[in-house]
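Student: Could you walk me through a structure, one question at a time?

Tutor: Gladly. Let us look at it together.

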Amino acid sequence: MNENKINPEPTEDELLAMAYADGELEPEARREAAKRIAEEDAFALRVAHYQRLDVTTRTAISHEPQDTARAELSREPLQRATISLGWMSATVGFIAFYAWVFYEILQNEEMSGAPKVFLLCAAGGLFLLFLSVLRGRLRELPYDPYTDIER
Amino acid sequence: MIVTTSDNVHGREIQESFGICRGSAIRARHMGKDILAGLKNIVGGEMHEYSKLLAETREQALDRMMEDARSKGADAVVAVRYASTSISQGAAEFLAYGTAVKLS
């Protein structure tokens, strides 16, 4: 589905999705549409697209003087390089540091086996939980109409 | 749908009242934005990361309140109020509530 393509004659589904996003449906029709959202992924995505448009239009902001300075700064190569290098360096540093700490604990011969197993379980469990949360967020992101709001 | 903070809508009469309608939302930015906002503490200025977070949460709570009103058969919400609280660090919580009504 290409949402950017302008269709001169909107389909019945598009009209229904627009009406749902704009809150123009009667209660019974709204319940029917809500049922379709729960069952049909394509229709849910269509509604999310129109909700995003609605929210973005509603919250359109007037330009403030500092916005210009911020936009200019974000385009400057030095600023972009600083941010990219900063994130890369910090991420690699943190991961390497925690991996080293983890390795040192596992290699520590003064520590008995049980705490090492507990540590492995805790770290592994947290990592799996993080992956599941991340997966959930990535899955719901296309349906979240609020991410374009600026202020 | 008409949404207003006043107790009535100018030029319209309240035909039916459905009682309170409400919507709440709690949102967070990702850790990267939290780190940048934390660094902003050192130099001062607006924390855009959190301005955006607050705006996203506000609009989501408002939409949920309107959806609650619609489900009751209302076409307007009067006496709308916002409330916010803090549940988790780095997250914003908004509660929007008002009275769902049908206008003549």
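Tutor: We begin with a definition: two strands pair if DSSP finds at least two bridges between them. Strands are DSSP runs of E with at least two residues, helices are runs of H or I with at least four, and both are numbered from the N terminus. This is a predicted model, in which local features need pLDDT of at least 70, side-chain atom pairs count only at pLDDT 80 or more, and totals for chains, interfaces and linings use all residues. Residues are numbered from 1 along each chain as its sequence is written, while chains are lettered from A and ligands numbered from 1 in the order in which they are written.

Student: What is the order of the strands in the open sheet of chain B?

Tutor: The sheet has 4 strands with mixed pairing. Its edge strands, which pair on one side only, are S1 (2-3) and S2 of chain B. S2(B) is joined to S4(B) in the antiparallel sense over 13 bridges, and S3(B) runs antiparallel to S4(B) with 8 bridges. The order is S1-S3-S4-S2.

Student: Which residue in the turn of the hairpin of S3(B) and S4(B) has a positive phi?

Tutor: In these two strands, B:Thr85 stands opposite B:Glu93, and B:Ala83 stands opposite B:Leu95. The hairpin leaves 5 residues between the strands. With a positive phi of about 85°, the residue in the turn is B:Gly90.

Student: Are the buried residues of helix H1 of chain A on the same side or on opposite sides?

Tutor: Helix H1 (residues 12-22) has A:Leu16, A:Ala17, A:Tyr20 and A:Ala21 as its buried residues. The exposed A:Glu12 and A:Leu15 sit on the face turned away from them.

Student: Why is chain A described as more spread out than a compact globule?

Tutor: Chain A has 6 helices and 0 strands. The radius of gyration is taken over C-alpha atoms, and the globule rule is 2.2 Å times the number of residues to the power 0.38. For 151 residues that rule gives 15 Å, so chain A is more spread out because its radius of gyration is well over this, at 24 Å.

Student: How many residues of chain B are in contact with chain A?

Tutor: Two residues are in contact if their C-beta atoms, placed from the backbone, lie within 7 Å. On the chain A side, 9 residues take part. The number in chain B is 11.

Technical notes. A residue is buried if 20 or more other C-beta atoms lie within 10 Å of its own, exposed if 12 or fewer, and partly exposed in between; C-beta atoms are placed from the backbone.
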